Amino acid sequence: MRDVSIIGIGQTPVGEHWDRSLRDLGAEAMLAAMENAHLERPEALYVGNMLSGQLSHQENLGALLADYAGLRGIEAVKVEASCASGAAAFRMGYMAVAGGMHDMVLVCGAEKMTDTLGERTTSALVAAADATYEGEQGVSFVALNALLMQRYMYEFGYKREDFGGFAINAHHNAVHNPYAMFPKEISAKAFARAKMIAEPVSLLDSSGIGDGAAAVVLAPTEFALRHGLPAVRVAGSAVATDAVAIHDRDDPLFLMAAYLSSQRAYAQAGVGPGSLDFFELHDAFTIMAALSLEACGFAERGQGVRLAMEDEISLSGKIPICTMGGLKARGHPVGATGMYQIVEATLQLLGIAGENQLPDCRVGMTQNIGGSGANIITHILERVTPLSGGIEWS
Amino acid sequence: MTIMKPIREVGILGHGAYVPRFRLPAREISRVWSGDNEETPIEEKSVPGMDEDTVTMSIEAARNALRRADIAPFDLRAVWVGSESHPYAVKPTSSIVAEAIGVGPNTQAADWEFACKAGTEAMQAAIALVGSEMARYAMAIGMDTAQGRPGDALEYTAGAGGAAFVLGPAEEGIAVLEGSYSFVTDTPDFWRRPMQHYPQHGGRFTGEPAYFRHSLAAAQYLMESLGYTAQDFDWAVLHQPNMRFPTRAAAELGFSQEQIAPGLLVNKIGNTYAGSSMIGLSAILDIAQPGQRVLQVSFGSGAGSDAFSWVMTGRIQERRNLAPKTQDYIARRQEIDYATYARYRGKIQMH
């Protein structure tokens, strides 16, 4: 098994790209990553995407994006794990290089969701849940998260307003991210007054619908070291699944797949939650942010919200999350999100995150959640220091 | 490409508005459809009575315009009605209105359609007819009884009303045209097929790529070509599908809230579709002083905008009192509830 590093990144702004198609957005990110890595032609392409079939009537995305980016002939497939498709594609790319199958791999997460009317897009997103036992019973994806938030508030005694810190932090960080869809601050007052979508989930608890694509080039770490390239190595990579339907889970308020995959990733990387400099978590809804923090060991059960209330999640807090805006404010083009998290983590670790740069940033975690917790993919990324080739853990 | 100016100088000789008396408060729609007192895009909208339609409303507005213009009806060589709610798909509204107000048979009378800018397209054509000296007087009307799909966001704002304008030689006018410009692309933001009762729309796509792109392009091009900024105008009126869009577009063009206030009627009567910027213009003509300049910008889905620059003449003060003012129609108000509105608009399934 070889050590693998990210040696190039690319991303498009997240937004309502009325005049851009899925293939166009994907190619832009792919070509940017290739240029960043000085790579003419990767050996393989893994595309993370969830909705191309339902909303763009387009499958065969691996072949399509490869061809459109001028890479006709290479190995290419689409990888799907609903909203975790981006990280799933990254994992496939990682395994290809780690396992010695390929040396230069391109991974791209791309999603186009704004060319269809709200109702249609919302209905397509239910495919991330259990279609028969949840979807057909009339529950929307927002409603599922509302059930979780409602139960959480009841069991642990929180008010809606207590979740505001997650959204406020995300928006604050997005202000300095030129790729963010909502680079504007929001206030606690605005959060309290926000319109309900499915009580208690409001407009400001939920990440919005947007288009975008993000890509990276993976290569053996040894290659990066040999050529003196800025690189971020994959220290941990793990996927875990859980029951798709919330009602089938042992404990709906515990993201077991987040726990399992993060535990595996921690073990691979030889770190614990205390050694992480940041956590790009999957804040599709504020409740997901709270549950993610708990399952990954940053807070006890029912205490995840406290980290937001006590401002521990900000850039200067104990565990900075959503450092470039997160799903809430950078945006959530579902199948691409996992790749945005990885690109943003890379910016932090390479020291090129701009205004939001965390000081002396060495190791961070990204976590992409598929559905309401059915498939959770965790990566731990670490800055590569050419001199020592690794990091000493204290 | 240059802006458009007729060979002979053209002016508005008279304007006339019409708004039906019935009003449905937006909170009534919210009460029925969303159960809570949520924020509504406007306060209330006008609702036509059971015996009103685009024809009847156009006739009253046209009569008001004729009173102000003080010309003999049979001297009009065109009566052109722009609307999205012509009572017939084939059989012009315009010929019925023409005959009802004493115009004809020496007249043009086709119907116009371009969603909410059908009325201003008719206005461009009327200006051209007069400006080319093919006719001395022509009438352009924008009027609608818009139908909102029950439960749809647009139900809050689909209103009824509009205005009529007599165009003629500038020297007889209460306002003179400095120039006009139209900007049109094929942008399907909002449409209705022949057998459909209600239109469909592209949600958020109706904003930036449609309303804002065309309104701003038309306005900016006209203003730049005439060498004007917002400060050179006293008033501005834009297409008003709700309060947010025209307020934001006006600000982007550099207009103050005071400059658009007299023409911004949507909060009290709703979106009058093809009548929207036209009835806004009539409200401004009701109060503007000689020498003042007005920018009028329409927007029609599909999509496009017509922009006009008008300068008031000395004749405006004596003429405007010859017929009911726009605000008189707005003040004439009878509140109804959702059930009455459903009955008046034929939304109750009878068979």
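This is a predicted model: local features need pLDDT of at least 70, side-chain atom pairs count only at pLDDT 80 or more; totals for chains, interfaces and linings use all residues.
**Chain A as a whole**

Let's start with the overall build of chain A. Its secondary structure consists of 14 helices and eleven strands. The C-alpha trace extends over about 55 × 50 × 40 Å along its principal axes. A compact globule of 394 residues would have a radius of gyration near 21 Å, and the 19 Å of chain A agrees with that. Of those 394 residues, 58% count as buried. Among contacts in chain A with a separation of 6 or more, 78% are between residues 24 or more positions apart.

According to the domain assignment, chain A divides into domain 1 (4–116 + 210–235) and domain 2 (138–206 + 236–382). Their C-alpha centres are 23 Å apart. Across the boundary, 39 residues of domain 1 of chain A are in contact with 38 residues of domain 2 of chain A. On the domain 1 side, the elements that give two or more residues are β1 (4–11), α4 (85–98), β4 (105–111), β7 (212–220) and β8 (232–241) of chain A. Which of these elements supplies the largest share of that side? It is α4(A), with seven residues. By class, the domain 1 side holds 25 nonpolar, ten polar and four charged residues.

From α4(A), the residues A:Ser85, A:Gly86, A:Ala87, A:Ala88 and A:Phe90 take part, meeting A:Gly335, A:Ala336, A:Thr337, A:Gly338, A:Met339 and A:Ile342 of α14(A). This helix contact comprises six nonpolar and five polar residues, with no charged ones.

**Where the chains meet**

Between the chains, five residues of chain A are in contact with six residues of chain B. The chain A side is made up of two nonpolar, one polar and two charged residues.

| Contact of α4(A) with α14(A) | six residues | five residues | no residues |

**Strands and helices of chain B**

Now to chain B, where three strands form an open sheet with mixed pairing, in the order β3-β2-β14. The edge strands, each pairing on one side only, are β3 (44–47) and β14 (334–335) of chain B. Strand β2 (residues 22–25) of chain B runs parallel to β14(B), joined to it by two bridges. In this pairing, B:Phe22 has B:Gln334 as its bridge partner. Helix α1 (residues 26–33) of chain B packs on the sheet, where it touches β2 and β3 of chain B, and its direction makes about 50 degrees with that of β2(B).

Elsewhere in chain B, strand β11 (residues 235–238) pairs in the parallel sense with β12 (residues 293–297) over four bridges. Opposite B:Trp235 stands B:Val294 of β12(B). Is β11(B) covered on one face or on both faces? Both faces are covered: B:Trp235 and B:Val237 are buried on one side, and B:Ala236 and B:Leu238 are buried on the other.

Terms used
Residues are numbered from 1 along each chain as its sequence is written. Chains are lettered from A and ligands numbered from 1 in the order in which they are written. Domain bounds come from an automatic or database domain assignment. Two residues are in contact if their C-beta atoms, placed from the backbone, lie within 7 Å. Ala, Val, Leu, Ile, Met, Phe, Trp, Tyr, Cys and Pro count as nonpolar, Asp, Glu, Lys and Arg as charged, and the others, Gly among them, as polar. A residue is buried if 20 or more other C-beta atoms lie within 10 Å of its own, exposed if 12 or fewer, and partly exposed in between; C-beta atoms are placed from the backbone. Two strands pair if DSSP finds at least two bridges between them. The radius of gyration is taken over C-alpha atoms; the globule rule is 2.2 Å times the number of residues to the power 0.38. Axes are lines fitted to C-alpha atoms, for helices over the stretch in contact, and angles run from 0 to 180 degrees between N-to-C directions.
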